[in-house]
Amino acid sequence: MAPLMFKDAFWGSDFTCHAGYDAVIQRLRDGRQMCKDVEELLKMRALAEEKYGKELVTIARKAGGHSEICTLRASFDQLKTQIETIGNFHIQLSDILKEEVKKIETFKEHQKEQRKKFESIMEKVQKKKVALFKKTMESKKNYELRCKEADEAEHGAEKTNITSKNSEKARHRAKQYRQTANEAEKLYFNNVVQLESVRLDWEETHKSTCEVFQKLEGDRIGMLRCALWDHCNHFSMQCVKDDEFFEEVRKQLQQCDIPTDNNCFIEMKSTGSRPPEPIVFESCYQANMSGESNGQALFAGGEDMMRRCSDSLLGSSVNVSIDNPQTSQSALTSVGKSSVEISDGGCARLLDLQQDTSLATFIDDEDIYIALYTYAAQADDELSVSRGDMVRVLDRGEDGWWSVEMDSLTGLVPGNYLGKI
């Protein structure tokens, strides 16, 4: 598209009308206002970016996460680092925008000086043209009036048929009017010549001024276009940078592993691999305890005292005399689940007394114990026993685990699960 020129498009038919020039001036003023608007936009955006950047930095520094561990802690720390970096970049972007504002202010002031300079020249030329035009129009009016008076005086002198004295006076009067008309004509002519000179000067000044103003307008449009283009580029670059920073966070999150974090917690804070031992019943009537006591109360009472401990779930009971255990053997072997009444002091625990061997034989051996509770082995070196099983104690461990033998099998059982017969 061929460019149009200001100097060819802003003339007027009226000699004193300056509507074209006024339109150009208004355009320049609107352009100056546009510069102010862009300047204000960049100022507000710079303030917003600075505030946003500082808030991001504050958020990153105040964020906690110190209680987390391992890979999730690393990911969270990476996120805080990148947020702070992004905040600093937004602060830098704010500084760049402030520099752009200063450039626009400088450009705006330079254009203002150029515009004022040519506005002053045009104002003087226009005033001179208008003043001389008015003077010329007045001299023209005066010239026409004097010509009319001279014509009337001459016409009156020709028609006078009076004495020679009056005729001479009329001719003299007509001659004066004609002389005055000639002077008015000369003045009018000179004013027209001067006005034409001023017109030509105004015309050239108008053209040159329009050319300068068109150049100023082109510079303004180009400058603002570049400023807005750079503005968009800055923010596009910021978006790309933000995505790059968050991509670092995503890479770190890919290393976040649930089993790894749980294993790390266990290794750091583990308190033990075994649960506590169960709490067992201990009789208040403890009397005699062996030197190798396993912590269980067996019998209580005097020599002639006999206590009967009954199991509410059982339907029968058996009397066992320590002084004569052989007499009680048949009774012990004839019941499966029963309570035991033992003379010579004490209440025995409720036991499963089913036996396949002779109780008297076991009683003769001091290492023979009876299982008070059922225990299921939980490791390869442990031995499972049921309530009432007879076992031979091979070793009494200080940690409470005893090595026992039963049916040619050996293993560890809790010592407090066993009772001396």
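This is a predicted model: local features need pLDDT of at least 70, side-chain atom pairs count only at pLDDT 80 or more; totals for chains, interfaces and linings use all residues.

Colleague: Understood. At what angle do H2 and H4 pack, and how far apart are their axes?

Modeller: H2 and helix H4, which covers residues 258–269, pack at about 115 degrees, and their axes are 6 Å apart. Angles of 65 to 115 degrees count as roughly perpendicular, so H2 is roughly perpendicular to H4.

Colleague: Which residues meet there?

Modeller: From H2, the residues are Cys70, Thr71 and Leu72; from H4, they are Thr260, Asp261 and Cys264. Sorted by class, the contact of H2 with H4 has 3 nonpolar, 2 polar and 1 charged residues.

Colleague: What lines the largest one?

Modeller: Its lining consists of Leu28, Gly31, Arg32, Cys35, Lys108, Gln111, Lys112, Arg115, Leu216 and Arg220. At least two of the lining residues come from each of helix H1 (19–62), helix H2 (70–159) and helix H3 (164–254).

Colleague: And how does that lining divide by class?

Modeller: The lining of the largest cavity has 5 charged, 3 nonpolar and 2 polar residues.

Colleague: Turning to aromatics, how many pairs does the structure hold?

Modeller: The structure holds 10 aromatic pairs. One of them joins tryptophan 11 and tryptophan 202: the ring centres are 5.7 Å apart and the planes stand at 75 degrees, so the pair is edge-to-face.

Colleague: Where in the chain do those two tryptophans sit?

Modeller: Tryptophan 11 is in the segment before H1 and tryptophan 202 is in helix H3, so the pair links distant parts of the chain, 191 residues apart.

Colleague: One last item, glutamine 214. Which residues does it touch, leaving out those up to four places away in sequence?

Modeller: Glutamine 214, which lies in helix H3, touches Leu4, Met5 and Phe6 on that basis. The C-alpha atoms of glutamine 214 and methionine 5 are separated by 7.6 Å, although the two residues are 209 residues apart along the chain.

Definitions and conventions
Residues are numbered from 1 along each chain as its sequence is written. Side-chain values use heavy atoms; hydrogens and water are left out. On a 1 Å grid over the protein atoms alone, a cavity is a set of points where a 1.4 Å probe fits but cannot get out, and a pocket is an open set with protein on both sides within 12 Å along at least five of seven lines; lining residues have an atom within 4 Å of a point. Helices (H or I, at least four residues) and strands (E, at least two) are DSSP runs, numbered from the N terminus. Ala, Val, Leu, Ile, Met, Phe, Trp, Tyr, Cys and Pro count as nonpolar, Asp, Glu, Lys and Arg as charged, and the others, Gly among them, as polar. Axes are lines fitted to C-alpha atoms, for helices over the stretch in contact, and angles run from 0 to 180 degrees between N-to-C directions. Angles under 35 degrees count as roughly parallel, over 145 as roughly antiparallel, 65 to 115 as roughly perpendicular and the rest as oblique. Contact means heavy atoms within 4.5 Å. Rings of Phe, Tyr and Trp (its six-membered ring) pair if their centres lie within 6.5 Å; planes under 30 degrees apart count as stacked, over 60 as edge-to-face and the rest as tilted.
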